[in-house]
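Please open the model in your viewer and keep the sequence panel beside it. The tour below goes from one selection to the next and says what is there each time.

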Amino acid sequence: MTSQGLRASPEGIKAAKTALTDKTWSQHKLATALGITRQPVSKFFAGESVSRSCFVQICQQLGLSWQKVAGLPEDVAFEVTPKAQFKGVDLDTLVREVRQKRQDKIQDQCNTLQMLDIAQTAKVMDIYTNINVLEEISSLQWREISDLLKDFKSKSTFNQLGGYKRQRRLPGLEAVLRHSKLMVLGKPGSGKTTFLQYLAIECNKGEFQPNRIAIFIRVKEFAEDAKKDSEFNLLNYITQEFLSCGVEQESTKTLLVEGKLLILLDGLDEVPAPKIDKVTMNLSH
């Protein structure tokens with residue numbers, strides 16, 4: 001069960017719009033800064049219900065009191081698990097508890113996808129189709145003449161009418177289960193982002209790798225944050241992400257050390273070439 005959503009009051013919306021103007025931001029830029037789609041931000045400014053964690057993050061990003069924006073008393077607290085709660089419990093329990101806290105954030109980040117040339121979003125689960133991947137890049141295989149002659153005689157690897165047979169395609173989910181570290185390559189629009197968002201949603205529901213917690217990171221946005229803070233790295237980024245969902249730093253460190261995070265990095269090819277080395281270094285430290 002997810003936490004109950006919140007709505008901005010008319011006065012809260014007015015204050016939020018003023019804060020947005022003061023920052024010279026658009027709603028799209030605010031969503032980008034938060035690492036979510038524009039949909040929950042639009043709902044926030046329309047006075048519609050937004051997940052509790054997302055509501056608080058929007059207010060914090062605008063420098064506003066979320067209680068005032070929601071029209072609630074200042075003494076109302078955001079439900080954050082006390083630091084000591086996870087002490088003395090087993091790792092599986094910790095995973096379930098933290099996944100529950102991250103549930104709304106992952107839904108806000110990954111549930112919808114902006115369609116190309118269409119001014120609307122679509123739900124990932126409505127458009128996702130199972131994908132298959134090649135474990136090797138077929139255009140980068142090195143063959144000696146002896147290998148070619150040997151394969152030519154073998155009907156199992158060579159088709160006399162069409163040359164080499166296509167490589168066996170591995171289901172995408174199976175590839176993720178089989179390999180702990182993967183880089184997914186493909187042409188623009190081939191579905192790389194959709195696949196990562198699908199993985200995040202399925203993991204978030206406990207349907208895929210139920211012993212892990214998904215974290216979806218847009219590398220382009222990570223690069224912008226890294227540029228602002230010379231000490232910024234992937235560990236700091238994840239720690240801040242989890243803190244915003246009420247997960248203490250100690251618990252985050254435990255999950256990382258125990259390999260309980262499914263880290264999904266999207267859009268490395270969107271980072272400008274001059275920044276690639278710096279970003280890669282930040283991600284690896």
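Begin by selecting Asp266, which, once its neighbours within four places in sequence are left aside, is in contact with Thr193, Leu196, Phe216, Ile217, Arg218 and Val219, where contact means heavy atoms within 4.5 Å. Asp266 lies in strand 8, and strands here are DSSP runs of E with at least two residues, while helices are runs of H or I with at least four, both numbered from the N terminus. Asp266 counts as buried because its relative accessibility is 8%; buried means under 20% relative accessible area, exposed over 50%, and partly exposed in between, with a 1.4 Å probe and protein chains only. If you also select Phe195, which is 71 residues away along the chain, you will find 10.0 Å between its C-alpha atom and that of Asp266.

Before going further, please note that this is a predicted model, in which local features need pLDDT of at least 70 and side-chain atom pairs count only at pLDDT 80 or more, whereas totals for chains, interfaces and linings use all residues. Residues are numbered from 1 along each chain as its sequence is written, and side-chain values use heavy atoms, with hydrogens and water left out.

With the whole protein in view, you can look for 14 helices and eight strands. Of its 285 residues, 40% count as buried, and among the contacts with a separation of 6 or more, 66% are between residues 24 or more positions apart.

Next, select Pro272, in the loop between strand 8 (261-266) and helix 14 (276-284). Pro272 is partly exposed, with a relative accessible area of 40%.

Move on to Glu241, found in helix 12 (residues 234-243). Is Glu241 buried or exposed? Its relative accessible area is 10%, so Glu241 is buried. Not counting residues up to four places away in sequence, Glu241 touches Arg102, Lys105, Gln109 and Ile215.

Now colour helix 3 (residues 38-45) and helix 4 (residues 52-62), which pack at an angle of about 80 degrees with their axes 11 Å apart. That angle makes helix 3 roughly perpendicular to helix 4; angles under 35 degrees count as roughly parallel, over 145 as roughly antiparallel, 65 to 115 as roughly perpendicular and the rest as oblique. The axes are lines fitted to C-alpha atoms, for helices over the stretch in contact, and the angles run from 0 to 180 degrees between N-to-C directions.

Which residues meet where helix 3 and helix 4 touch? Pro40, Val41, Phe44 and Phe45 in helix 3 meet Cys54, Phe55, Ile58, Cys59 and Leu62 in helix 4. The residues of this contact divide into nine nonpolar, no polar and no charged, where Ala, Val, Leu, Ile, Met, Phe, Trp, Tyr, Cys and Pro count as nonpolar, Asp, Glu, Lys and Arg as charged, and the others, Gly among them, as polar.

Stay here and show the rings of Phe44, Phe45 and Phe55, which ring pairs link into a cluster. Rings of Phe, Tyr and Trp (its six-membered ring) pair if their centres lie within 6.5 Å, and planes under 30 degrees apart count as stacked, over 60 as edge-to-face and the rest as tilted. By this rule there are three aromatic pairs. Phe44 and Phe45 form an edge-to-face pair, 5.2 Å centre to centre and with 80 degrees between the planes. Phe44 counts as buried at 0% relative accessibility, and Phe45 counts as buried at 7%.

Finally, turn to two residues with a positive phi. Thr24, in the loop between helix 1 (10-22) and helix 2 (27-34), has phi near 55 degrees, a positive value in a residue other than glycine, and at 66% relative accessibility Thr24 counts as exposed. Gln209, in the loop between helix 10 (192-204) and strand 7 (213-218), has phi near 45 degrees, but Gln209 is buried, with a relative accessible area of 12%.
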